[in-house]
Amino acid sequence: MKKAKAPEKIGPYSVQDCIGEGSMGEIWLCHDPSLDRMLVVKRMQLALRGYEDLVQRFNREVQVLAAMNHQNIVQVYGYWMEKGLLNLSMEFINGWSLRQILDKSNTFPPWVACSILWGILNALVHTHTRKFVHRDLKPSNIMVDFAGTAKLLDFGVVRIEDQEITIPGTIIGSAAYMSPEQVRGESVTEHSDIFSLGIIAFEMLAGRHPFKEDSAEKTTRNILSREIYPSDFPEDVPPSLRRLVRRMLAKEPSRRANSAYACLKELDSIMSGLPRELSHPLSSWLRSVRKEMPFPAAPRWKKSLPPLAWLAIATGIGLVAGMVLIAVV
Ligand SMILES: Nc1ncnc2c1ncn2[C@@H]1O[C@H](COP(=O)(O)OP(=O)(O)O)[C@@H](O)[C@H]1O
Ligand SMILES: [Mg+2]
């Protein structure tokens, strides 16, 4: 990564390292001596000064983050102007971006994918309830901390109800994770976030992007027309999970899984055989990915019997009881 020249201090914080350099500015890892804790400052690049719309986008990210308070969404601490630069301070997520994890390990056991999906769906329910649409869900905007919690970040291109910010020459969202309606330039609602998360879910489960090819044109064409079938998933993915991801990837927003909350409810029943608290096993799994060690044992995924099986068991018991009764009488 190209490193920007580190300032010694940003506000009252001492600067430790540049941990990201993106579209809007640099991300600095800092130390707050008053509380003796690490934090992150996202800073608008000097060269971008004067670009009113980018400043507006930065301001938007701050306002949206400030309105949120959720364990699966990065927490904002403060916002100030200093020497003509805009600074946004926030919680330091000590972990890896989902992009880094996918690049290191493209075989996510289904329970790991479910656990990350669970966290991000919770973040989306919180976001959508506040009438925000993220619009840029992709693996580099999701982090998993080393304690095993998935976090959503980068609310820079969020859309608030009917307000739209467009930046000339900039594509809103990343082509490979766009929904069909985003590709077509139509109005974007929370259904679009569900499609993007469906792509991420598929990528975690299958170890490959469902639509990506060597050019943006081919990729967007696939987003518009390539259907995903149950047979596209690896064998160890339960049919109910395949069904959910395929519903998230429906081309027509009206046919797509209805809301993040509906997806969460469906995922809840898919995960019913798993322990509710998965951060500890997720943290161990992430450690094994980082250290390239064998995966730890998966949490127990109890297979629940389908309703028909229960009916057959009940009928069997009834028959045996009837026969015993007849024999006795
Ligand atoms: N709060 C944070 N804690 C730790 N790392 C972060 C944090 N925010 C961002 N990063 C890192 O910086 C990268 C870019 O951050 P992001 O907010 O997505 O900026 P951009 O607008 O440049 O895409 C992330 O993928 C992540 O690796
Ligand atoms: Mg980003």
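This is a predicted model: local features need pLDDT of at least 70, side-chain atom pairs count only at pLDDT 80 or more; totals for chains, interfaces and linings use all residues.
Start with the overall layout. The chain splits into two parts, domain 1 (9-91) and domain 2 (95-291). Taken over C-alpha atoms, the centres of domain 1 and domain 2 sit 25 Å apart. Where the two meet, domain 1 puts in 16 residues and domain 2 puts in 18 residues.

Next comes the ligand. Ligand 1 lies between the two domains, because domain 1 (9-91) and domain 2 (95-291) both give residues to the shell around it. That shell counts 19 residues, and those that come nearest to ligand 1 are Gly 20, Gly 22, Val 40, Ile 93 and Asp 154. Three elements each supply two or more residues to the shell, namely β2 (13-21), β4 (37-44) and β6 (85-91). Sorted by class, the shell around ligand 1 holds 9 nonpolar, 7 polar and 3 charged residues.

Strand β1 (residues 9-10) runs antiparallel to β2, and 2 bridges join them. Within this pairing, Lys 9 has Ser 14 of β2 as its bridge partner. The two strands make a hairpin with 2 residues between them, and Gly 11 in the turn has a positive phi of about 55 degrees. On to the next pairing: β2 and strand β3 (residues 25-32) are also antiparallel, joined by 6 bridges. Here Val 15 stands opposite Cys 30 of β3. β2 and β3 form a hairpin too, this time with 3 residues between them.

Finally, there is helix α8 (residues 260-270), whose buried residues are Ala 260, Cys 263, Leu 267 and Ile 270. Viewed down the axis of α8, these buried residues fall within an arc of 75 degrees, so they line one face of the helix. As for what covers the buried residues of α8, the list includes α3 (110-129), α5 (190-206) and α7 (239-248).

Key: Residues are numbered from 1 along each chain as its sequence is written. Chains are lettered from A and ligands numbered from 1 in the order in which they are written. A residue is near a molecule or strand if its C-beta atom, placed from the backbone, lies within 6 Å of it. Helices (H or I, at least four residues) and strands (E, at least two) are DSSP runs, numbered from the N terminus. Ala, Val, Leu, Ile, Met, Phe, Trp, Tyr, Cys and Pro count as nonpolar, Asp, Glu, Lys and Arg as charged, and the others, Gly among them, as polar. Domain bounds come from an automatic or database domain assignment. Two residues are in contact if their C-beta atoms, placed from the backbone, lie within 7 Å. Two strands pair if DSSP finds at least two bridges between them. A residue is buried if 20 or more other C-beta atoms lie within 10 Å of its own, exposed if 12 or fewer, and partly exposed in between; C-beta atoms are placed from the backbone. The arc is that of the directions from the helix axis to the C-beta atoms.
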